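Biologist: Let us go through the side-chain contacts of this model. Please give the cut-offs as we go.

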Amino acid sequence: MAPLCRPKTEVKPAQKAQAAKKAALKGTDGKKVKKVITNTHFFRPKTLRLARKPLYPRRAVPRKPQLDAFKVVQYPLNTESAMKKIEENNTLVFIVDVKSNKRQIKEAVKRLYDVDAARVNTLIRPDGLKKAYVRLAADVDALDVANKIGFI
């Protein structure tokens, strides 16, 4: 049995023009559905944010870290109270960079003197310098480290 198909009907040019006129006047979008807003706040829709693809680097050479171990620990302090700390509390006292933090001080002491610090306490003196009390691990003697540094 042959498939059922509708015979092609010829569309007259006048009918075609009439349909085009109607589409131009009325539009082809049809009726727009208005969204019902249920919230009193308007949140801007999230749109696509592409990652930056610069054509050239903005800096020719990458920056070096400003605080290395030699800049963090400036010099050891050997006042009477510092000597007392060395002998009694197994603690070394250093003047350090004001912008350095406790983690940086601990890492710098480890790199410079090959000793593990148990804890670091800091304070900023009235003259504007930062003082760090570096308590060494129990297996390291602060007196030996001070002799190795050479300030006793």
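Modeller: A salt bridge here is a side-chain nitrogen of Lys or Arg within 4 Å of a carboxyl oxygen of Asp or Glu. The model is predicted: local features need pLDDT of at least 70, side-chain atom pairs count only at pLDDT 80 or more, and totals for chains, interfaces and linings use all residues. Residues are numbered from 1 along each chain as its sequence is written, and side-chain values use heavy atoms, with hydrogens and water left out.

Biologist: How many salt bridges does a search of the whole structure find?

Modeller: Asp 116 forms one with Lys 110, the closest N and O atoms being 3.4 Å apart. Asp 127 forms one with Arg 125, at 2.8 Å between the closest N and O atoms. The search of the whole structure finds two.

Biologist: Is Asp 127 buried or exposed?

Modeller: Buried means under 20% relative accessible area, exposed over 50%, and partly exposed in between (1.4 Å probe, protein chains only). Its partner in the salt bridge, Arg 125, has 21% and is partly exposed. Asp 127 has 52% relative accessibility, so the residue counts as exposed.

Biologist: How are the rings of Phe 94 and Tyr 113 arranged?

Modeller: Rings of Phe, Tyr and Trp (its six-membered ring) pair if their centres lie within 6.5 Å; planes under 30 degrees apart count as stacked, over 60 as edge-to-face and the rest as tilted. The structure holds one aromatic pair. The centres of Phe 94 and Tyr 113 are 5.6 Å apart and their planes are at 10°, so the pair is stacked.

Biologist: How far apart in sequence are the parts that this pair ties together?

Modeller: Phe 94 is buried at 1% relative accessibility, and Tyr 113 is buried at 15%. Phe 94 lies in strand β2 and Tyr 113 in helix α4, so the parts tied together are apart in sequence by 19 residues.

Conventions
Helices (H or I, at least four residues) and strands (E, at least two) are DSSP runs, numbered from the N terminus.
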